[in-house]
Amino acid sequence: MRLSQQQLSELIEMVAATRSDSMGCDDCAQLLDRFVDQSHSEHEPIRDIEEVKRHLEQCKCCQDELQALLTAIDASEFA
Amino acid sequence: MIDSDSLQRRLQAEGIERDDAIVELRGMLLRGLSTSLNNRYGQAFSAEDIVQDALIKILDSMDQFQGRCQFTTWAMTIAIRIGMSALRRKYHQDVSMESFRGEDGYRIEIAVANEQGDLGERSLMIAKLQQLIDTDLTDKQRMAMRAFLAGMSTDGIADRTGTNRNAVYKLIHDARVKLKSGLQRLGVSADDVQEAFGYGLTQAR
């Protein structure tokens with residue numbers, strides 16, 4: 001498979017942006033609801049917030065789910 | 001505006017109070033998923049089916065809600081994960097991993113044309129990156145990277161390889177770490193590569 005310009009750019013971006021990530025998608029999914037609600041002071045802050053952010057920066061699937069979740073919450077509030 | 005605490009409490013009640021709460025939760029999920037997932041992955045989408053699956057999962061898991069976020073956020077997170085997984089599965093259902101396998105196996109070939117500027121620097125970097133892809137990555141990593149760069153999601157790759165998304169993410173992430181550390185070992189920082197290739201890449205066909 002010969003990479004297209006776009007794929008090569010994506011590969012280079014991926015390599016350049018790589019950081020250590022001890023969190024997997026399953027752990028991220030477990031914390032995503034709390035991550036979204038972290039601005040609510042009545043809820044316990046997430047101790048691993050930096051880990052969640054780092055994972056989200058590097059995982060497109062989890063990023064997509066976060067965006068979809070935020071959109072869904074916004075939409076659901078208008079009954 | 002939905003009162004999250006009230007909704008959670010009424011879902012744990014009995015009789016008509018619970019039935020009304022289920023209708024309210026269903027409406028909330030329907031509004032959220034219809035807006036958020038419609039046309040995602042360019043597909044027609046039936047929110048009704050996803051909401052039904054999500055409702056069952058949420059009601060079966062009520063005892064797992066620990067109150068560390070709003071109940072409505074917790075419930076919507078479950079619904080979105082079910083919806084996104086279903087959409088990705090459908091999107092990738094006709095794609096076989098074999099379609100990423102060429103005569104050269106899962107080799108990933110990168111190239112830059114001669115007519116571009118900074119030829120020496122770019123060619124050297126490409127050669128080093130190619131060397132690392134060929135020597136440091138496992139066949140499984142090249143296969144996953146190849147599918148990912150072709151547009152498959154980690155969910156889709158997991159479905160096609162009989163594993164799970166977490167394992168695919170780790171496989172690709174380990175490959176990224178190998179490439180980044182390999183470049184550093186060869187005296188090239190990943191930022192150097194990114195800077196050199198920010199513009200003027202040759203379209204490889």
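## The cavity

The structure holds 1 cavity of 30 Å³ or more. On a 1 Å grid over the protein atoms alone, a cavity is a set of points where a 1.4 Å probe fits but cannot get out. This is a predicted model: local features need pLDDT of at least 70, side-chain atom pairs count only at pLDDT 80 or more, and totals for chains, interfaces and linings use all residues. Residues are numbered from 1 along each chain as its sequence is written, chains are lettered from A and ligands numbered from 1 in the order in which they are written, and side-chain values use heavy atoms, with hydrogens and water left out.

Volume here is the space filled by probe spheres set on the points, with grid points joined across faces, edges and corners. Lining residues have an atom within 4 Å of a point. From chain A they are A:Met14, A:Gln58, A:Cys59, A:Lys60 and A:Cys61. From chain B they are B:Phe148, B:Thr154, B:Tyr169, B:Ile172, B:His173 and B:Arg176. Helices α4 of chain A and α8 of chain B each supply at least two lining residues. The most come from α8(B), with 4 residues. Helices are DSSP runs (H or I, at least four residues), numbered from the N terminus. By class, the cavity lining has 6 nonpolar, 3 polar and 2 charged residues. Ala, Val, Leu, Ile, Met, Phe, Trp, Tyr, Cys and Pro count as nonpolar, Asp, Glu, Lys and Arg as charged, and the others, Gly among them, as polar.

## The largest pocket

The largest pocket has a volume of about 570 Å³. Of its 20 lining residues, A:Ala29, A:Gln30, A:Asp33, B:Trp74 and B:Ile78 are the closest to the centre. A pocket is an open set with protein on both sides within 12 Å along at least five of seven lines.

Helices α2 (25–36) of chain A and α4 (71–91) of chain B each give at least two residues to the pocket lining. The top contributor is α2(A), with 7 residues. The pocket lining splits into 8 nonpolar, 6 polar and 6 charged residues.

## Helix packing between chains

Helix α4 (residues 60–76) of chain A packs on helix α2 (residues 15–37) of chain B at an angle of about 130°, with the axes 7 Å apart. Axes are lines fitted to C-alpha atoms, for helices over the stretch in contact, and angles run from 0 to 180 degrees between N-to-C directions. The two helices are therefore oblique to each other. Angles under 35 degrees count as roughly parallel, over 145 as roughly antiparallel, 65 to 115 as roughly perpendicular and the rest as oblique.

Contact means heavy atoms within 4.5 Å. On α4(A), the contact residues are A:Ala68, A:Thr71, A:Ala72, A:Ala75 and A:Ser76. On α2(B), they are B:Met28, B:Arg31, B:Gly32, B:Thr35, B:Ser36 and B:Leu37. This contact has 5 nonpolar, 5 polar and 1 charged residues.

## Helix packing within chains

In chain B, helices α6 (residues 139–149) and α8 (residues 165–185) pack at about 100°, with axes 9 Å apart. That makes α6(B) roughly perpendicular to α8(B). Contact residues include B:Phe148 of α6(B) and B:Ile172 of α8(B). B:Phe148 and B:Ile172 also line the largest cavity. The contact has 7 nonpolar, 1 polar and 3 charged residues.

In chain A, the axes of α3 (residues 49–58) and α4(A) come within 6 Å and cross at roughly 105°. These helices are therefore roughly perpendicular to each other. A:Gln58 of α3(A) and A:Lys60 of α4(A) are among the contact residues.
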